[in-house]
Amino acid sequence: MDATIMLLHEKGAGQLTMADVAQEAGLTRGAIQYHFENPKSLLVASIEEIANRLSRHLDADELTGLPLEERINRIVDDYWQGFRGFNYTAFIEIAVRGRQDPAFEEAITTTLEELEKQRAVVWQAVFADTGRSREEIRSWRDMLLITLRGLALTNMIAGKNEKVSLQIDQFKAMFTRYLTEA
């Protein structure tokens with residue numbers, strides 16, 4: 001699956017072929033076709049793998065033992081690692097390709113809904129001691145995701161890593177201030 005994700009990053013979903021994936025993985029095209037009947041099934045499996053990688057990052061038990069500011073720093077930094085990497089670029093490539101295909105879009109949506117449920121449970125556990133409602137915690141998570149997605153797209157479009165540390169630090173400070181003020 002790593003080979004597919006790297007190829008998606010390098011070539012884009014529109015140019016990806018089963019032969020490319022087989023060559024990159026050091027397998028025959030027949031071996032790839034045995035596991036994936038067509039490029040679409042390979043891309044759906046890639047989305048599932050990317051979602052699994054992103055959901056493994058946060059450990060609620062580990063984070064809840066940390067001071068609030070450190071929890072926020074670790075979570076934001078961990079999310080940013082995911083958004084600025086190859087996995088997110090590959091995800092965007094797949095999502096753009098899938099928006100014209102209802103069945104493909106449904107597979108992507110289902111996978112992402114499960115990831116979002118897992119993330120919501122972690123966030124609720126990590127910030128349960130702040131006295132904020134579930135809706136408030138979810139809203140801040142949504143704002144973080146929107147912010148980081150925008151920064152990641154900015155980096156993709158610019159073709160280089162823009163300096164975003166100031167924006168990320170500002171978000172951390174705002175979130176910390178919000179959670180610590182009555």
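Q: What pattern does the protein follow, read along the sequence?
A: Read along the sequence, the pattern is α-α-α-α-α-α-α-α-α-α. That comes to ten helices and zero strands. Keep in mind that this is a predicted model.

Q: And what does the C-alpha trace span along its principal axes?
A: About 60 × 30 × 30 Å.

Q: How much of the protein counts as buried?
A: Of the 182 residues, 41% count as buried.

Q: What about contacts, how many join residues at least 24 apart?
A: If you take contacts between residues at least 6 apart in sequence, 66% of them join residues at least 24 apart.

Q: OK, helix packing. How do H6 and H8 cross?
A: Helix H6 covers residues 68–83 and helix H8 covers residues 102–126; their axes come within 12 Å and cross at roughly 160 degrees. Anything over 145 degrees counts as roughly antiparallel, so H6 is roughly antiparallel to H8.

Q: Left-handed or right-handed, that crossing of H6 and H8?
A: Left-handed. On the H6 side the contact is made by Arg71, Ile75 and Tyr79, and on the H8 side by Arg119, Trp123 and Val126.

Q: Which residues have the most contacts inside the largest nonpolar core?
A: Ile75, Tyr79, Trp123 and Phe127, in a core of 49 residues. As a general point, nonpolar side chains tend to be buried together in soluble globular proteins.

Q: Let's zoom in on Ile75. What does Ile75 touch?
A: Leaving out residues up to four places away in sequence, Ile75 touches Leu58, Leu63, Trp123, Val126, Phe127 and Leu144.

Q: Which residues make the contact of H6 and H10?
A: From H6 you have Leu68, Glu69, Ile72, Asn73, Val76, Asp77 and Trp80. From H10 the residues are Ile168, Phe171, Lys172, Phe175, Thr176, Leu179 and Thr180. Sorted by class, the contact of H6 with H10 has eight nonpolar, three polar and three charged residues.

Q: What about H9 and H10, how far apart are their axes?
A: 11 Å, and the angle is about 175 degrees; H9 runs over residues 134–158 and H10 over residues 165–180. H9 and H10 are therefore roughly antiparallel to each other.

Q: Which residues in H9 meet H10?
A: Glu136, Trp140, Met143, Leu144, Thr147, Leu148 and Leu151 in H9. Their partners in H10 are Gln167, Ile168, Phe171, Met174, Phe175 and Tyr178. That contact of H9 with H10 has ten nonpolar, two polar and one charged.

Q: Last one: where is Ser139?
A: Ser139 sits in helix H9. With a relative accessibility of 34%, Ser139 counts as partly exposed.

Key: Residues are numbered from 1 along each chain as its sequence is written. This is a predicted model: local features need pLDDT of at least 70, side-chain atom pairs count only at pLDDT 80 or more; totals for chains, interfaces and linings use all residues. Side-chain values use heavy atoms; hydrogens and water are left out. Axes are lines fitted to C-alpha atoms, for helices over the stretch in contact, and angles run from 0 to 180 degrees between N-to-C directions. Helices (H or I, at least four residues) and strands (E, at least two) are DSSP runs, numbered from the N terminus. Angles under 35 degrees count as roughly parallel, over 145 as roughly antiparallel, 65 to 115 as roughly perpendicular and the rest as oblique. A crossing is left-handed if the near helix is turned anticlockwise from the far one by less than a right angle, and right-handed if clockwise. Contact means heavy atoms within 4.5 Å. A nonpolar core is a set of buried Ala, Val, Leu, Ile, Met, Phe, Trp, Tyr and Cys residues joined through side-chain atoms within 4.5 Å. Buried means under 20% relative accessible area, exposed over 50%, partly exposed in between (1.4 Å probe, protein chains only). Ala, Val, Leu, Ile, Met, Phe, Trp, Tyr, Cys and Pro count as nonpolar, Asp, Glu, Lys and Arg as charged, and the others, Gly among them, as polar.
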